[in-house]
Amino acid sequence: MTQIPRGANVPVPAQPLHVAVSWRTGHEVPDVDVSALLLGAGERVRDDADLVFYNHAEHPSGAVRHLGRSAPGVPGSPAADWMWLDLARVEPDVGRLVIAASADGGAFGRVPGLDVRVTDAAGNPVAYCAIESATTETAFVFGEFYRHGGGWRFRAVGQGYASGLAGLATDFGIVVESPPPPIPGPGYVPPPPPPAPATPPVPVADPYGGEFRPAVYQGRGKETVHCDPALPPGHWVLLEIESFHSLSTTIETCDTYGRAEGFLLMAYEDDVRARTVALVPRARPLTLRVEADAPWTLRVLPLSHARRFDSHVEGLAHDLVIYDGPPGVLDFAHHGESNFTVHQHTPPRDPLYDDEEQDLLVNEIGEVRVSAPVPGPGLLRISGDGPWKCAVRR
């Protein structure tokens, strides 16, 4: 890997890139949250959407995505928070893309093994810079991508901020709201709380909700992934996988004993970037079996990262969309050669059990135009080997 000192720069290839801020876990080691800022005129963001981080995970241009943090291991094991970049999609009025991070629960001086790494989508190294001078800083600019001679270069920066992410963001033009001031004047009495209902409502799990911090898992070949036990039980989670130059890529759910029990994804394209869905069991952690002939990256995301539509949507190969509309008829067009299927997932009828309802709406082969009734809201798991379109008739 090309190791560069602070202030040095290297050219980067014109292809999608992964950027990881890495460190080693340990007792009382702060968590590290990576972020990206897209800078325009005056070296400032154009609006708040130009800050991409775990609570705003994708830039509107599609050029930058926060992938999440790799699952932590035992103390002393490596950890990383990841960004995905496609510099070719960065808008022309953006001249710099800054990679920064904040430390949650302490200063960067307490974070061992701190560095920033840039690789291409296949994992080939592009640049690496170790950060060895951190002390009391609670935010850091690790590096930046900048336009040069019709292409892009990466510069190692290593600049710290004692004022945290808020101070860093303010320097680049992000408006950070202050907490509201206390109500002035003596004798202020807050209004009484509303009376409690006579019968407390029965809590109902919302399968579309369940926010949590995304996690990233990487492997090669066939591996069992034990997801974070803190995933919200009884909720759906979005699974996003990437693999390149593999004959097939599959994801299966596992039972209590770790045995594969059901396919969530079967992709036979050479290069796969696919989305599917899994329901988190109520009584045990979610366990998955992932298999590919090449290195793969799996991201476990809240369902809020899925696309939504109520009238029209387009996609490529394998994707998951949330249909929010009323009953109607879905018109599909698929431009491919292999099997094209559409499953609708709806919540379990009995909230005490994990058996979600799945209906096979479409099962066709090749280039097709087909219609299918949709009974109402739910998740649409769409699988094909080419571009597809869907519109709803009511």
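Predicted model: local features only at pLDDT ≥ 70, side-chain atom pairs only at ≥ 80, totals over all residues.
1. **Aromatic pairs overall.** The model holds seven aromatic pairs, found by a search of the whole structure. Two of them are taken up below, Phe108 with Phe142 and Phe332 with Phe340.

2. **Phe108 and Phe142.** The ring centres are 6.0 Å apart. The planes meet at 75 degrees, so this pair is edge-to-face; the cut-off for that class is over 60 degrees. Both residues are buried.

3. Phe108, Phe140 and Phe142 make up one aromatic cluster.

4. **Phe332 and Phe340.** This aromatic pair is also edge-to-face. Its centre-to-centre distance is 6.0 Å, with 65 degrees between the planes. Phe332 has a relative accessible area of 3%, so it is buried. Phe340 is buried too, with a value of 0%. The limit for calling a residue buried is under 20%.

5. **Arginines over rings.** Arg155 is placed over the face of Tyr146, 4.2 Å from the ring centre. Arg273 is placed over the face of Trp84, and here the distance to the ring centre is 4.8 Å.

6. **Trp236.** Where does Trp236 lie? It is in strand β13 (residues 236–244). Is Trp236 buried or exposed? Its relative accessible area is 0%, so Trp236 is buried. His345 is 109 residues apart from Trp236 along the chain. The C-alpha atoms of Trp236 and His345 are separated by 9.8 Å.

7. **The open sheet.** Five strands build this sheet, in the order β18-β20-β25-β22-β23. The sheet is open and its pairing is mixed. β18 (307–309) and β23 (357–365) are the edge strands, since each pairs on one side only. From one strand to the next, the twist averages 25 degrees.

8. Strands of a sheet pair through backbone hydrogen bonds, in a parallel or antiparallel sense. Which sense joins β18 and β20? β18 pairs with strand β20 (residues 319–323) in the parallel sense, over three bridges. Across this pairing, Arg307 stands opposite Val321 in β20.

How values were computed:
Residues numbered from 1 in each chain as written. Heavy atoms only, no water. Phe/Tyr/Trp six-rings, centres within 6.5 Å; stacked < 30°, edge-to-face > 60°. Buried < 20%, exposed > 50% of the residue type's maximum accessible area, 1.4 Å probe, protein only. Lys NZ or Arg CZ within 6 Å of the ring centre and 35° of its normal. Helix = DSSP H or I, 4+ residues; strand = E, 2+ residues; numbered from the N terminus. Pairing = 2+ DSSP bridges. Axes fitted to C-alpha atoms, helices over the stretch in contact; angles between N-to-C directions.
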